[in-house]
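Please read it alongside the sequence and the structure.

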Amino acid sequence: MNFWQYIRKPIYALAPMEDVTDTVFREIVMSISDDNHLNMLFAEFTSVDGLFHPIGKDKVSHRLKINPSEMELMKKKGVKIVAQIWGNDPEKFAYAAKHITENYDYDGIDINMGCPIRKIVHQVACSELIRFPDLAREIIQATKEATHLPVSVKTRTGIKEHQTEKWISNVLQAKPDAITLHCRTQKMLSEKPAEWEQIRIAIDVRNSLSQTTPLIGNGDIFTIDDAQMKIDEYKPDGVMIGRGIFRNAWIFNSPQKVVAKQERLQTLINHTELFRKTWENQKSHSILKKFYKIYISEFPGSAELRSKLMAAPTLDEVLSIANSELNSIEI
Ligand SMILES: Cc1cc2nc3c(=O)[nH]c(=O)nc-3n(C[C@H](O)[C@H](O)[C@H](O)COP(=O)(O)O)c2cc1C
């Protein structure tokens, strides 16, 4: 049975984020979240053109990697994982969906119809598909026909103005298994405040069409209490959190946790070690720098410690600094 129908609601999902939500970070987030407040993960978006290309395939495949240890933790905690693909050619979407279904252990496939970045929009992909409703439906249909996995869509409310009613009814015509709505237009990027009233409009559209497609709301959730307030007020089937994880890696816990320095250091060490085991020789260690701020904060001396970590030239050095700081607490 399609997991979107039976998964526990409200759904709490970690958003797909390029160069952030790889298998390593997803496992770390899961390991520090409570089982009732994180039950879905999305992988970074992967280009269908890349997957279709004999050389490109090797270059983009790291985005789809799922470590066995991540899979094991997901099974233990009952968390689902969804791959996300983007492009503009229905045939390549079908190819990518088949490839992912046959070679990976994803529970579902999501189509990106939301990314507003100029270089992607210029390729008539992602949020730009809102301008091309027929092509958008064709892409959903072609993807669905190529896989037995459920196919969902992550999108925005419009291009320059909200056109939630018209656009969401168009998407629903193609019968996706779920929709995540980031309640901003393409033009709003992530700068203007998210407008949650648009989630209510989308839900009304779905209900008026007598459909039960789960609808997840996304945009500007920065605390678990806010997530719960949004669920109570707007009644989505779930919420998705993206940048909130940078402010607080422990965001998927209720009640909100106060995290001690010791746990922060240990989490950084776990992340660094898993990163090394997974990506050594494949990804530069500087990718890790964006994570120091989320773990190493909110205790006296955290800014100085962060500067030291930023200047560390190797992962060994990062681990040595973090371990000696941790040992100095334990003494
Ligand atoms: C660094 C970064 C990378 C992102 N990459 C993706 C992506 O690969 N696919 C996608 O659908 N959205 C991507 N997004 C958008 C987020 O998934 C999310 O929709 C957006 O940040 C709004 O949610 P928030 O306000 O909770 O952050 C990205 C956002 C950020 C900040």
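## Basis of the model

The model is predicted; local features require pLDDT of at least 70 and side-chain atom pairs count only at pLDDT 80 or more, while totals for chains, interfaces and linings use all residues. Residue numbers start from 1 along each chain as its sequence is written.

## Domains and their interface

The protein chain is assigned domain 1 (3–247) and domain 2 (261–330), with bounds that come from an automatic or database domain assignment. Taken over C-alpha atoms, the centres of domain 1 and domain 2 are separated by 30 Å.

Nine residues of domain 1 are in contact with nine residues of domain 2; contact requires that the C-beta atoms of two residues, placed from the backbone, lie within 7 Å. On the side of domain 1 that touches domain 2, helix H2 (residues 23–31) gives the most, with four residues. Helices (H or I, at least four residues) and strands (E, at least two) are DSSP runs, numbered from the N terminus. By class, this side of domain 1 has four nonpolar, three polar and two charged residues. Here Ala, Val, Leu, Ile, Met, Phe, Trp, Tyr, Cys and Pro count as nonpolar, Asp, Glu, Lys and Arg as charged, and the others, Gly among them, as polar.

## Nonpolar core

The largest nonpolar core has 84 residues, and those with the most contacts inside it are Ala 13, Leu 14, Ile 85, Ile 109 and Ile 241. Such a core is a set of buried Ala, Val, Leu, Ile, Met, Phe, Trp, Tyr and Cys residues joined through C-beta atoms within 7 Å. This core lies between domain 1 (3–247) and domain 2 (261–330), because both give residues to it.

A residue is buried if 20 or more other C-beta atoms lie within 10 Å of its own, exposed if 12 or fewer, and partly exposed in between, with C-beta atoms placed from the backbone. Beyond its neighbours within four places in sequence, Ala 13 is in contact with Met 40, Phe 42, Ile 216, Gly 238 and Met 240.

## Helix H11

Ile 224, Ala 227 and Lys 230 are the buried residues of helix H11 (residues 224–234). They lie on the same side of H11 because they cover an arc of only 115° around the axis, the arc being that of the directions from the helix axis to the C-beta atoms. Strand E1 (11–14), strand E7 (215–218) and strand E8 (238–241) are included in what covers these buried residues.

The face of H11 turned away from its buried side carries the exposed residues Asp 225, Asp 232 and Glu 233. Just after H11, Lys 235 takes a positive phi of about 60°.

## Ligand shell

Of the 22 residues around the ligand, Ala 15, Met 17, Phe 45, Gly 242 and Arg 243 come nearest; a residue counts as near if its C-beta atom, placed from the backbone, lies within 6 Å of the molecule. By class, the shell has eight nonpolar, nine polar and five charged residues.

## Backbone geometry

Most residues other than glycine have a negative phi, and most peptide bonds are trans. A cis peptide bond joins Lys 9 and Pro 10, with omega about -5°, and Pro 10 lies in the loop between helix H1 (3–6) and E1. The bond from Ser 254 to Pro 255 is cis, with omega near -5°.

Cys 126, not a glycine, has a positive phi of about 55°. Cys 126 is buried, with 24 other C-beta atoms within 10 Å. Asp 220, in the loop between E7 and H11, has a positive phi near 65°, and Asp 220 is partly exposed, with 19 other C-beta atoms within 10 Å.
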